[in-house]
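Biologist: I am new to this structure. Could you show me how to read it?

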Amino acid sequence: MVQSAKARPSIWCPGCGDFGVLAAVKKAAANQKIANHELVLVGGIGCSGSIHNFVEVNGLHALHGRLLAQAVGVKLANPALTVVAAGGDGDGYAIGMGHFMHAFKKNASILYLVMNNETYGLTKGQPSPTAPIGFEGNVEPPFDAILTALSIPASNFIARTFSGDPKTMTAVLEEGLRFNRENRGFAFVEDLSPCVTYNDTFKLWREKVVDVATLGGYDPTDRKAMFRLCLETLESGRIPIGVMHRPKETKPEGLELKLLPDRTGPLGADLGLETNRPAYEKLLAAVV
Ligand SMILES: Cc1ncc(C[n+]2csc(CCOP(=O)(O)OP(=O)(O)O)c2C)c(N)n1
Ligand code: SF4
Ligand SMILES: [Mg+2]
């Protein structure tokens with residue numbers, strides 16, 4: 001259920017990468033002058049998904065792997081809201097993978113923030129789809145969300161950040177939020193957010209991350225060039241961070257998701273009995 005609640009003390013382990021995300025989300029929203037009542041955080045299931053409890057905004061704790069469907073629903077119900085879906089790599093890339101792929105295609109103007117720690121933190125450290133081979137007996141090669149996102153030809157904003165670099169993360173989140181608020185479509189930001197208890201990768205990732213904007217051939221308006229650049233960077237043992245896709249084109253007119261063609265959402269609709277009596281009676285007659 002959607003609730004506007006006071007922020008509660010966090011339940012995260014001291015040093016968890018998710019603290020960096022929490023600070024960046026708060027700062028980005030404040031810098032973009034988004035009032036608390038205009039922002040909805042939809043949390044997934046996992047340590048990361050509890051983020052909405054720690055910010056004084058409207059919060060919704062979704063079902064495991066279904067936060068995107070619920071976040072799109074919130075946006076459809078009231079398009080004036082700024083909607084951020086926030087969850088883990090297990091939530092988004094395992095049980096939620098089907099919804100993940102379609103979110104890029106649906107292209108609703110919401111921000112999806114995945115806190116990737118390559119593990120299921122909440123359930124005590126099992127390998128997630130991004131875990132490297134060898135981690136806790138994992139024998140499957142890891143999945144890369146940025147390469148997948150770049151392979152879907154829609155006008156989305158795509159970026160990766162690192163909890164060890166909160167300044168860049170704040171700037172990227174601000175750009176994603178602006179993209180949404182200009183109704184330009186879906187913004188996806190994967191944050192590398194180490195789980196210090198079950199998979200402490202802070203030191204390793206600090207050594208490996210590289211800002212793609214500093215690499216030769218960087219052009220975030222060119223999806224194919226960015227796919228190649230990100231793949232080559234990964235194959236060389238580095239992890240690309242930064243903005244990977246900043247579409248030139250605006251979302252084509254008329255392709256916005258809407259519940260009803262002639263209304264702004266159910267909040268704008270007249271649900272009164274008398275107005276709708278003929279429609280209700282028609283429905284009842286059909287049932288009988
Ligand atoms: C339908 C369902 N299946 C499994 C679970 C158990 N479960 C809870 S959290 C979680 C994964 C959490 O991993 P992730 O999404 O990466 O979040 P993190 O805790 O790492 O932030 C799982 C499998 C559940 N709650 N509901
Ligand atoms: S178990 Fe890991 S992901 Fe969960 S709060 Fe602790 S450090 Fe963070
Ligand atoms: Mg995780």
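Modeller: Gladly! A residue is called buried if 20 or more other C-beta atoms, placed from the backbone, lie within 10 Å of its own, exposed if 12 or fewer, and partly exposed in between. Strands (E, at least two residues) and helices (H or I, at least four) are DSSP runs numbered from the N terminus. This is a predicted model: local features need pLDDT of at least 70, side-chain atom pairs count only at pLDDT 80 or more, and totals for chains, interfaces and linings use all residues. Residues are numbered from 1 along each chain as written, while chains are lettered from A and ligands numbered from 1 in the order written.

Biologist: How many residues of β9 are buried?

Modeller: Six of the six in β9 (residues 187-192) are buried. In a regular strand the side chains alternate between the two faces of the sheet. Here A187, V189 and D191 point one way, and F188, E190 and L192 the other.

Biologist: Which strand pairs with β9 over six bridges, in the parallel sense?

Modeller: Strands pair if DSSP finds at least two bridges between them. β5 (residues 111-116) is one such parallel partner, with six bridges, and L113 stands opposite V189 in β9. β8 (residues 157-162) also runs parallel to β9, joined by six bridges, and T161 stands opposite D191. From β8 the chain crosses through helix α6 (residues 166-181) to β9 in a right-handed β-α-β crossover, meaning that the path runs clockwise from first strand over helix to second, with the strands pointing away from the viewer.

Biologist: Which element gives the most to the shell around ligand 1?

Modeller: That is α3, with three residues.
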